[in-house]
Amino acid sequence: MTPPAEQKPPRAERLGAVRQVRPATEGWSQKKDAEGRPLLQFASPKRGKPPVHLADLNPEERTARLKELGLPGFRAKQLETHYFTHYTSDPTLMTDLPAAGREELVAGLLPPLLTEVRRLETDRGDTIKFLWKLHDGALVESVLMRYPGRITLCVSSQAGCGMNCPFCATGQAGLTRNMSAAEIVDQIVRANRLIAEGGLGGKKRDDHSADRVSNIVFMGMGEPLANYARVMQAVRVMTDKQHGLGMSARGITVSTVGLVPAIKKLAAEQIPVTFALSLHAPDDTLRDELIPVNSRWKVDEALDAARAYFDATGRRVSIEYALIKDMNDHGWRADLLAEKLNARGRGWVHVNPIPLNPTPGSIWTASERDVTNEFVRRLNAAGVPTTLRDTRGKEIDGACGQLATTEDDERAAEAMPVA
Ligand code: SF4
């Protein structure tokens, strides 16, 4: 179907009668490229690679690695059970492995990857933010949240981020490096260990769900599709029932600011993860400034790729839309968004407007409640299913786009030995 042509803002807007706040950084300046556009970093800077871990390898590679170490291949299964089922990398607990050479075996296949620097709790212990230090001192975060019937972990996929969005704390320092598949997976294993030890808030009496992470959102640090191969290896390990964590692909949400070629690749993977497009504006004029990668792939291209994801997988796509006062929350933008989504068919998409934190004095502040309600109303009235998203974790700066290490975190990390 042909998408509608780029719509001009209504006349009142053009005459300045409607307030339009333009995106701008506060307290930091965006790095620019030679043409003066916000710099986009797709390639990871070269840094020492993290040690290779079981979760970086597929089952055949694991067996081959053991054979290289002069050990029988079936030891791989034993290590998988310790790590993916019992969440341990501690050789003293692996009494089914021969004592002789056990430490070397574990050091070779389950090397330590994440050192916990800090843990912050809120929501009476139902939400926990972890700050991790990687082998080279890079810092990343994950946020664990208990909801009735499910436990969600928001994971990081890169240290820093190269997408340079002007509202985002993570993007300010640029991309430090891609995380390895095992560094991504280890965030889940560590969270599962904590849950198994009873460290995550109180479970309600009538909640009979399993006590482990059931849902993953790739909305921590980094743009997951800019680290495509490692993120996909991590997803394969998460969903592998025999050799991995055995999670449901539907419970895994991969979100992107719109790297169109990678969205197409994801659609061809035959792994039906939930796909989320962080759109935040339906018009290129605003989105070019709000999400710099829009200068590469425009709104219509990103929406076409999202629709193609639905066609390939049958999985309904989520459109993420942070509502920012007087910047992107205008009624005409809700109408334009609905028009663009409906032009690509019905029943394939769901919009999640995300209320921001009220930040007095900042241009990046929450939309008024009636404006938010009107935005949601217009989309629903146009037949686009729309629900305001829960923004748990805001209190500890764990909501999306808010994960960034502080100087204080860095000082705490310096005092810790590296994993
Ligand atoms: S909003 Fe997402 S893509 Fe943009 S800089 Fe932040 S982490 Fe990167």
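## Helix H3 and its cover

The buried residues of helix H3 are covered by elements that include helix H2 (59-68), helix H4 (102-109) and helix H5 (181-196). Helices here are DSSP runs of H or I with at least four residues, strands are runs of E with at least two, and both are numbered from the N terminus. H3 spans residues 75-85, and its buried residues are Arg 75, Ala 76, Leu 79, Glu 80, His 82, Tyr 83 and Phe 84. A residue is buried if 20 or more other C-beta atoms lie within 10 Å of its own, exposed if 12 or fewer, and partly exposed in between, with C-beta atoms placed from the backbone. After H3 comes Tyr 87, which has a positive phi near 55 degrees.

## Model and confidence

This is a predicted model, in which local features need pLDDT of at least 70 and side-chain atom pairs count only at pLDDT 80 or more, while totals for chains, interfaces and linings use all residues. Residues are numbered from 1 along each chain as its sequence is written. The predictor's confidence in each residue is given as pLDDT, from 0 to 100. Its mean over the chain is 90, and 89% of the residues reach 70 or more. For residues 394-399 the pLDDT is below 50, and this stretch has 16 contacts in the model beyond near neighbours in sequence. Two residues are in contact if their C-beta atoms, placed from the backbone, lie within 7 Å.

## Overall content

The chain has 12 helices and 11 strands. It contains 419 residues, of which 44% count as buried. When contacts between residues at least 6 apart in sequence are taken, 70% join residues at least 24 apart.

## Gln 187 in helix H5

Helix H5, part of the cover over H3, contains Gln 187. Gln 187 is buried because 28 other C-beta atoms lie within 10 Å. Leaving out residues up to four places away in sequence, Gln 187 touches Leu 114, Ser 142, Leu 153 and Val 155. Of these, Ser 142 is 45 residues away from Gln 187 in sequence, with a C-alpha to C-alpha distance of 7.0 Å.

## The ligand shell and Gly 171

The ligand is surrounded by 11 residues, and the closest are Cys 161, Met 163, Cys 165, Cys 168 and Gly 171. A residue is near a molecule or strand if its C-beta atom, placed from the backbone, lies within 6 Å of it. By class, the shell has five nonpolar residues, five polar and one charged. Ala, Val, Leu, Ile, Met, Phe, Trp, Tyr, Cys and Pro count as nonpolar, Asp, Glu, Lys and Arg as charged, and the others, Gly among them, as polar.

Gly 171 sits in the loop between strand S5 (158-160) and strand S6 (175-178). Gly 171 has 28 C-beta neighbours inside 10 Å and therefore counts as buried. Apart from neighbours within four places in sequence, Gly 171 is in contact with Cys 161, Met 163, Asn 164 and Cys 165. Gln 30 is 141 residues from Gly 171 along the chain, and their C-alpha atoms are separated by 9.1 Å.

## Packing of H7 and H9

Helix H7 (residues 260-267) packs against helix H9 (residues 299-313) at an angle of about 5 degrees, and the axes are 9 Å apart. Axes are lines fitted to C-alpha atoms, for helices over the stretch in contact, and angles run from 0 to 180 degrees between N-to-C directions. H7 and H9 are therefore roughly parallel to each other. Angles under 35 degrees count as roughly parallel, over 145 as roughly antiparallel, 65 to 115 as roughly perpendicular and the rest as oblique.

From H7, Val 260, Ile 263, Lys 264, Leu 266 and Ala 267 take part; they meet residues of H9 including Glu 301, Ala 305, Tyr 309 and Thr 313. This contact of H7 with H9 has 10 nonpolar, one polar and two charged residues. Val 299, also in H9, is buried, with 25 other C-beta atoms within 10 Å. Val 299 is in contact with Pro 282, Asp 283, Asp 284, Arg 287 and Asn 294, leaving aside neighbours within four places in sequence. Pro 282 is 17 residues from Val 299 in sequence and 6.5 Å away, C-alpha to C-alpha.

## Positive phi in two loops

Gln 270 lies in the loop between H7 and strand S9 (274-278). Its phi is near 65 degrees, a positive value in a residue other than glycine. Gln 270 counts as exposed because it has 8 C-beta neighbours inside 10 Å.

Asp 326 is in the loop between strand S10 (317-323) and helix H10 (331-342). Although Asp 326 is not a glycine, its phi is positive, about 60 degrees. With 16 C-beta neighbours inside 10 Å, Asp 326 counts as partly exposed.
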